[in-house]
Amino acid sequence: MAEGHTEPALGVETVVVTDSGQWAVELVVLYRDGVVRRRIDTYPTKARAEIAARMIKRGAERETRGPVNG
Amino acid sequence: MTAVDLFVSPLGRVEGDLDVRVTIEDGVVTSAWTEAAMFRGFEIILQGKDPQAGLIVCPRICGICGGSHLYKSAYALDVAWKTHMPPNATLVRNICQAAETLQSIPRYFYALFAIDLTNKNYAGFPNYDEAVRRFAPYVGTSYQPGVVLSAKPVEIYAIFGGQWPHSSFMVPGGVMGAPTLSDVTRSIAILEHWKDNWLEKQWLGCSVDRWLENKTWEDVLAWVNENESQYNSDCGFFIRYCMEVGLDKYGGGVGNYLATGTYFEPSLYENPTIDGRNAALIGRAGIYADGKWFDFDQSRVREDVTHSFYEGTGALHPFDGETRPIDPEVGRKQGKYSWAKSPRYDVPGLGHVPLEAGPLARRMAAGGPNAASHQDNDPLFVDIVNKIGPSVMVRQLARMHEAPKYYKWVRSWLDQIDLHESFYTKPIEHAEGRGFGATEAARGALADWIVIEDNKIKNYQVITPTAWNIGPRDGAAAVGPIEKALIGSPIADQEDPVELGHVARSFDSCLVCTVHAYDGKTGRELSKFVINGMV
């Protein structure tokens, strides 16, 4: 697995999975030589987990959204 | 060897546009150009207006440090009109200036800076998932309370100033409202709430006093490992994560610093003057350059327009400053590339050099010799810079270090207000005069120079901390502080140069704070893309 600066990530995805009655958000980062999968946090409802998954993905890939001058 | 030009726009997350063009060779930035990308022209707006127009116009220069703009505008008029300042008024001004900075510290950290710590390029590091858990935008376990609680200090500002931002309650001779006992006690309660629930509980994991015992870099490292609470606090984690991903290794900048200082000892500044200013300051002014400290002297400040979209070349003192914009397309043919002027300071023995403004500059000034008993005397960051050098991490840590320090100052000033005494002395409105007022906005040194003739503003010049930091090359082709800080930065992914964002944002550049800014592109473009202001 590549380490931070030496190997740029190619892509990122978040997934929501069930875990003991909770909903967990996992972050999946794709590298040229492999994949890193990290569990970030768990949430009591699927809806909250899905919101968190969206925000975590946007932060991780710095997706361009929102007003530039906001 | 591979070389590529990257054009990145915008880098600032607050407002306005900071465009950066860098040249990368073998994965390292070898040259940089920062471009303030929008013309503002506040100085032109103010010419010919009533002398007090600055109290209304200047706070609108910036939406997040409008209180700082008001503070220095008011002091510039106090000096020009030779006012008398009741001690209560000085205390209230101190409290509100500090409250604005206390707001900015967590808001900037979580909403603007820390999001980049969740960048996918760090996924290979052991603490990455913890960084995402804490700092992910809106849903991070630290982001949410940090941003929400950042609003509390400016509630104190609103109690004294009627509103925040864009208040105009500081006027020549004092402040416009006399607080009641209820106002003061409410302010104390709000400040304590912020301290208990964010500063100590979330950020430090210990008492304010325990953190302020740290005097050396070794003290800080020992503090991190002292107990579980501190180790797992946001501050403890931030230090550990920075050292893990290498934010302590780049972004150092010019290594020379300027602080105009702020907050006055009330008994020492009842009659504001330029000459009496340095000695009355609590947060000290000073220059640290080439390893030596110098007193700050406003007469040594110049603004160079050689590479800025203004008529002419060379540098002028702000009292004689000119703001005569030209068409950027014409300017580019003359080698100009930014709407920001280049502020420079004539350091004895070094000449006119670029200086970094901001919290790290304040911390270096605070570590200088000959502090009076009422002044900030803090060796921590001089020790840190001497031992590990300036960097993105050190600049950030300097900013965060001011939260416990300023909390204690505000608490003390609230206790000193004498509700039976005056908060305002009506001034004589002199038809002629010159004034200089300055402060330390959260982002650094901020100052106004006003020339009054025939009861009107003849000349008004504002130099913002962002101008000090993002200013372009000067007549001697010396790069500006952020340009210098970017050079040497490693770039792992040219498609997502998160490192550039770390460096630029560690200066907390607020382009709306730049009086001259515009939007444009210069130079050869081999690739062009946008990294976003807001997530």
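This is a predicted model: local features need pLDDT of at least 70, side-chain atom pairs count only at pLDDT 80 or more; totals for chains, interfaces and linings use all residues.

Biologist: Is Val462(B) buried or exposed?

Modeller: Val462(B) has a relative accessible area of 2%. Buried means under 20%, so Val462(B) counts as buried.

Biologist: Which residues does UniProt list for "binding site"?

Modeller: The unreviewed UniProt entry gives Glu43(B), Cys62(B), Val462(B) and His516(B) under that heading.

Biologist: Where is Cys62(B) found?

Modeller: Cys62(B) is in the loop of chain B that runs between helix H2 (53-57) and helix H3 (66-81). Its relative accessible area is 0%, so Cys62(B) is buried.

Biologist: OK, switching to helices. At what angle do H15 and H17 of chain B pack?

Modeller: About 65°, with the axes of H15 (residues 359-366) and H17 (residues 392-416) in chain B 8 Å apart. That angle makes H15(B) roughly perpendicular to H17(B). H15(B) passes H17(B) in a left-handed crossing.

Biologist: Which residues make the contact?

Modeller: From H15(B) you have Pro359(B), Leu360(B), Arg362(B) and Arg363(B). The H17(B) side includes Arg395(B), Glu402(B), Lys405(B) and Tyr406(B). By class, this contact has six charged, five nonpolar and one polar residue.

Biologist: And how do H4(B) and H17(B) cross?

Modeller: H4 (residues 87-113) of chain B and H17(B) cross at roughly 145°, and their axes come within 9 Å. The crossing is left-handed.

Biologist: What meets what there?

Modeller: On H4(B), the residues include Leu91(B), Ile95(B), Leu102(B), Ile105(B) and Phe109(B). Among those they meet in H17(B) are Met400(B), Ala403(B), Tyr407(B), Val410(B) and Trp413(B). The contact of H4(B) with H17(B) divides into 16 nonpolar, four polar and two charged residues.

Biologist: One more, Trp293(B). Where does that lie?

Modeller: Trp293(B) is in strand S10 (residues 292-294) of chain B. Its relative accessibility is 30%, so Trp293(B) counts as partly exposed.

Biologist: What does Trp293(B) touch?

Modeller: Leaving out residues up to four places away in sequence, Trp293(B) touches Ile287(B), Tyr288(B), Met364(B), Ala365(B), Gly367(B), Gly368(B), Pro369(B) and Val382(B).

Biologist: And how far apart are Trp293(B) and Asp327(B)?

Modeller: Those two are 34 residues apart in sequence, and 40 Å apart in space from C-alpha to C-alpha.

Definitions and conventions. Residues are numbered from 1 along each chain as its sequence is written. Chains are lettered from A and ligands numbered from 1 in the order in which they are written. Side-chain values use heavy atoms; hydrogens and water are left out. UniProt positions are given in the numbering used here, feature names are shortened, and annotations may be inferred rather than shown by experiment. Helices (H or I, at least four residues) and strands (E, at least two) are DSSP runs, numbered from the N terminus. Buried means under 20% relative accessible area, exposed over 50%, partly exposed in between (1.4 Å probe, protein chains only). Axes are lines fitted to C-alpha atoms, for helices over the stretch in contact, and angles run from 0 to 180 degrees between N-to-C directions. Angles under 35 degrees count as roughly parallel, over 145 as roughly antiparallel, 65 to 115 as roughly perpendicular and the rest as oblique. A crossing is left-handed if the near helix is turned anticlockwise from the far one by less than a right angle, and right-handed if clockwise. Contact means heavy atoms within 4.5 Å. Ala, Val, Leu, Ile, Met, Phe, Trp, Tyr, Cys and Pro count as nonpolar, Asp, Glu, Lys and Arg as charged, and the others, Gly among them, as polar.
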